[in-house]
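Visitor: Hi, could you walk me through this one? I have the sequence and the structure open.
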Amino acid sequence: QVRLVESGGGLAQAGGSLRRSCVASGGIFRINTMGWYRQAPDKQRELVATITRDGITKYADSVQGRFTISRDNAKSTAVYLQLTSLQPEDTADYYCRVEHQIGTGQFEYWGQGTQVTVSS
């Protein structure tokens, strides 16, 4: 069982920055794609950014150029999200997600989520 622990986030003013971290632990075999998602009140959960094991990144159009995703490839068990130039529209609960591979099986795990609030 893989456990994800998130940290960071909180409150920021428009134009400010925050950093989110997500560390995986437990019976880890191979973690493939890691990513961040967010869900604003009364909205669907949406992709923010993902990063593959090879470091290939993908961003939502709304955060491209403002957010940066990275991962700790030494152990490949941590993923980070640097949020800059924050806007009130970025207010949401942010969740990390990892794809864990055991043999030919792939399983997804989600972090507990942390609220990010951006004031204008």
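**Strands, rings and a loop residue**

Guide: Happy to. Leu-18 has Leu-83 in strand 8 as its bridge partner; strands here are DSSP runs of E, at least two residues long, numbered from the N terminus. This is a predicted model, where local features need pLDDT of at least 70, side-chain atom pairs count only at pLDDT 80 or more, and totals for chains, interfaces and linings use all residues. Residues are numbered from 1 along each chain as its sequence is written, and side-chain values use heavy atoms, with hydrogens and water left out.

Visitor: How many bridges are there between strand 3 and strand 8?
Guide: There are 6, in the antiparallel sense. Two strands count as paired if DSSP finds at least two bridges between them. Arg-19 is bridged to Gln-82 in strand 8.

Visitor: And which way does strand 1 pair with strand 3?
Guide: Antiparallel, over 7 bridges, with strand 1 covering residues 2-8 and strand 3 covering residues 18-26. Arg-3 has Ser-25 in strand 3 as its bridge partner.

Visitor: What's the strand order in the open sheet?
Guide: The order is 1-3-8-7, with 4 strands and antiparallel pairing. Strand 1 and strand 7 are at the edges with a single partner strand each, so one side of each has no neighbour in the sheet. From one strand to the next, the twist averages 15 degrees, taken between N-to-C directions (0 to 180 degrees) of axes fitted to C-alpha atoms.

Visitor: Switching to rings: how many aromatic pairs?
Guide: The count is 1, for Phe, Tyr and Trp rings (six-membered ring of Trp) with centres within 6.5 Å; planes under 30 degrees apart are stacked, over 60 edge-to-face, the rest tilted. Tyr-37 and Trp-110 have ring centres 5.1 Å apart and planes at 65 degrees, so they are edge-to-face. Tyr-37 is in strand 4 and Trp-110 in strand 10, so the pair ties together parts 73 residues apart in sequence.

Visitor: Is Tyr-37 buried or exposed?
Guide: Buried, at 15% relative accessibility, whereas Trp-110 is partly exposed at 31%. Buried is under 20% relative accessible area, exposed over 50%, partly exposed in between (1.4 Å probe, protein chains only).

Visitor: What sits over the ring of Trp-110?
Guide: The charged end of Arg-45, 4.7 Å from the ring centre. Arg-45 also lies over the face of Tyr-95, at 3.8 Å. The rule is NZ of Lys or CZ of Arg within 6 Å of the ring centre and within 35 degrees of the ring normal.

Visitor: Last one: where is Thr-77?
Guide: In the loop between strand 7 and strand 8. Thr-77 is buried at 16%.
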